[in-house]
Amino acid sequence: MNMQKKTLAVLGSTACCAAMTVALAQNLKLSDNVVRVGVLTDLSGVYSELSGQGSVKAAQLAAADFMAQNPSFRGKVQVIGVDHQNKADVASNKAAEMIDRQNVDMLVDLPTSSAALAASEIARQKKVPTLVVTGGTTALTNEKCNRYTFHYAYDNYMLANGTGSAVTKRGGNSWYIIYPNYAFGQDLNRQMTAAIQENKGRLVAPSDATPFPNTDFSSYLLKAQGLKPKVFGTMQAGADLVNVVKQYNEFGLRQQGIGLGIGLLFETDVAALGQDAFAGALATVPWYWNMDQRARTWAAKFEKAFGKKPTWAQAGVYSATMSYLQAVARAKSDDGDAVVKALEGHRFSDFFARNAYVRPQDHRVLLDVYTVQVKPKAQAKESGDYFTKIATIPAARAFMPLSESKCRM
Amino acid sequence: MNTQLLLIQVFNGLVNGAFYALLSLGLAVIFGMLRIVNFMHGALYMLGAFAAFALGQAFGLGFWPSLILAPVLVGLLGVVLERTLLSRLYGLDPSYNLLLTFGLTLLTQDLVKQVMLSQYAVSSAPYTPPAALAGVVNLGFVVFPKYRLFVIVLSLVICLLTWLVIEKTRVGAIIRASTENPSVTRAFGIDVGKWVTGVFGVGVGLAGLAGVLAAPIYSVEPYMGAELIITTFAVVVIGGMGSILGSIVTGFAVGVLAAVGAALYPPIANTLVFILMAAVLLVRPSGLFGLPEGAR
């Protein structure tokens with residue numbers, strides 16, 4: 001008798017649980033019963049090392065972790081990685097193809113500002129949430145903002161506000177700037193110039209636009225020799241930045257008293273050239289792998305899966321993908337409008353985004369960011385130990401205030 | 001812009017000019033003799049730089065031994081490619097060799113990228129100039145890296161030597177004869193096929209040499225030849241397809257033009273060479289130093 005009761009109770013509770021699971025699953029409204037994450041990135045070009053396959057891996061890790069934490073989504077999240085070749089037209093076509101033919105429910109990563117802007121326009125038309133992590137232009141949350149585009153991790157205002165102010169305040173008050181001639185470089189040059197002038201610095205000559213991509217920067221370095229600014233500002237990124245810094249050292253500008261101001265710096269750039277070539281340069285980053293224990297734990301997991309330490313762009317892709325999936329769980333749907341609603345105004349803190357807030361008015365994701373200085377190799381405690389933290393810029397002060405935003409959603 | 005700044009940029013332009021000249025020289029030699037438009041030239045230039053880097057990593061070889069060894073290795077690879085693949089396409093429509101060399105370019109770039117990522121964990125690697133040439137020297141009107149001066153001088157010497165060999169020696173006479181009229185040359189008991197292979201090897205060896213010279217200036221990465229090759233083809237066309245002197249003179253001239261352009265009005269720097277090409281082709285369809293087809 002007792003035995004029977006026990007069995008019944010067990011059976012009953014199991015049935016109850018099973019029913020609940022079914023009910024939960026039925027509550028979920030997923031298009032074709034799967035949430036598809038689309039990583040639109042550079043798999044072959046100048047930014048492939050800092051995002052590329054590593055970003056796809058990061059999104060896959062996020063999907064796996066999310067499914068482990070949310071049993072009702074088990075087997076229901078898929079990740080697709082696609083190459084946009086850093087070209088706006090390719091990005092536009094691929095985004096449309098991913099959404100229409102591969103039924104992708106969101107887009108993430110998007111290095112290269114011009115490609116990010118193109119994909120964001122497609123996302124708006126097709127109502128698919130797009131989380132830009134690696135593209136930098138502030139246009140995404142200003143004149144080109146839209147209901148479906150979110151800007152994660154960093155942007156040019158935050159870089160300029162962090163580095164431009166820090167360098168100028170530390171005495172680097174006369175600048176000569178070069179920038180790559182496309183959406184990202186043009187925007188970063190504008191933001192950097194504004195930040196320098198705000199801190200009572202000046203430009204010794206108008207900034208020069210260089211072709212993108214470009215290998216030879218000697219003409220501009222020679223021009224800098226003649227102009228003698230305190231800071232040679234480079235808004236180049238990725239492989240282009242590596243060439244600039246290499247030639248900056250070759251021409252001996254540091255010895256001539258001309259410092260180096262870097263707009264955008266990734267860990268892979270430092271690795272490519274050796275940290276001594278960058279030593280002393282200031283940069284602003286949203287994260288780095290050994291900034292604290294929480295970051296280190298995640299980085300170790302990524303390194304085990306991918307074989308290399310993560311760049312902050314790749315860490316950002318994990319965090320953005322996880323934020324999106326959690327919004328899907330809150331909305332119980334992968335419908336674009338429902339997820340956007342669940343993301344807007346959301347406050348959270350994870351290993352990457354600290355004190356984060358999704359600003360509903362322009363979809364800028366605010367988070368704490370850090371001004372760092374590149375250590376000389378002699379001071380590094382382990383491989384990849386590149387940065388010393390100079391300052392933490394709190395989320396509320398790091399990004400463009402709403403009063404300056406030109407976003408009309 | 002004042003004259004001193006202009007002078008500095010003219011001088012600086014010679015560095016890039018040196019690379020254009022070395023590369024277009026190789027292309028001109030190969031085209032003049034084999035009628036092959038070698039689209040793979042940029043990839044072979046990259047292989048030269050990569051070989052120097054890899055030799056340094058694997059065997060601790062410094063810049064100087066690599067400067068000899070890497071071009072030889074690239075030249076040998078060229079010989080193998082010519083014997084096994086290109087030689088099968090002679091007499092066919094030129095688009096076949098264009099497709100083949102273009103395909104080989106893509107293959108080589110991706111292969112090198114895979115090797116670099118798996119072996120060295122980077123896709124763009126640093127390579128420093130030899131200690132003797134490190135640092136800068138004050139020339140009075142400009143502070144300039146010693147290594148770049150060396151590049152200008154060495155490539156001028158190599159260009160001059162190549163020109164002398166082809167124009168003034170018996171070897172050059174055989175090469176020119178094989179180009180003008182292979183069947184008559186064969187009748188004199190000369191193995192034209194062997195000469196063709198040799199010339200191809202030397203031509204791509206020049207690209208390899210340019211690559212080693214470039215390694216300390218630009219970062220060593222799989223796509224470093226991709227952009228350069230477009231400009232180099234323009235140089236060859238402006239100079240006159242197959243003209244040795246034309247490619248040397250035009251190579252340096254285009255380098256200077258691009259540097260001055262970059263300083264005066266940066267956005268036009270990369271377009272300048274194509275504007276020049278269009279202008280030259282309008283006036284002289286066979287290029288500045290080329291003979292009209294009928295006069296060959």
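Predicted model: local features only at pLDDT ≥ 70, side-chain atom pairs only at ≥ 80, totals over all residues.
Let's start where the two chains meet. Chain A brings 30 residues to the contact, and chain B brings 32. Putting them together buries about 2,500 Å², with carbon and sulfur atoms giving 49% of that area. If you want to find the residues on chain A that lose the most area to chain B, look at L222(A), K246(A) and E250(A); together they make up 23% of what that side buries.

Now for the polar side of things. Between the two chains, 14 residue pairs are in polar contact, counting pairs with both residues at pLDDT 80 or more. Which parts of chain A supply at least two residues each to the side that touches chain B? They are β8 (208-210), α7 (218-227), α8 (238-250) and α9 (267-273). Of that side, α7(A) gives the largest share, with 6 residues. Sorted by class, the side of chain A facing chain B holds 11 nonpolar, 12 polar and 7 charged residues.

Charges also pair up across the interface, where there are 2 salt bridges. One of them links D216(A) with R148(B), and their closest N and O atoms sit 3.7 Å apart.

Moving on to the sheet in chain A, you'll find 3 strands in the order β12-β13-β14, forming an open, antiparallel arrangement. At the edges are β12 (347-348) and β14 (365-366), each pairing on one side only. Strand β13 (residues 356-358) is joined to β12(A) by 2 bridges. To see a bridge up close, go to R347(A): its partner in β13(A) is Y357(A).

Methods. Residues numbered from 1 in each chain as written. Chains lettered and ligands numbered in written order. Heavy atoms only, no water. Contact = heavy atoms within 4.5 Å. Buried area = accessible area lost by both parts, 1.4 Å probe. Salt bridge = Lys/Arg side-chain N within 4 Å of Asp/Glu carboxyl O. Polar contact = N/O pair within 3.5 Å; in protein donor to acceptor, adjacent residues only side chain to side chain. Helix = DSSP H or I, 4+ residues; strand = E, 2+ residues; numbered from the N terminus. Nonpolar A, V, L, I, M, F, W, Y, C, P; charged D, E, K, R; others polar. Pairing = 2+ DSSP bridges.
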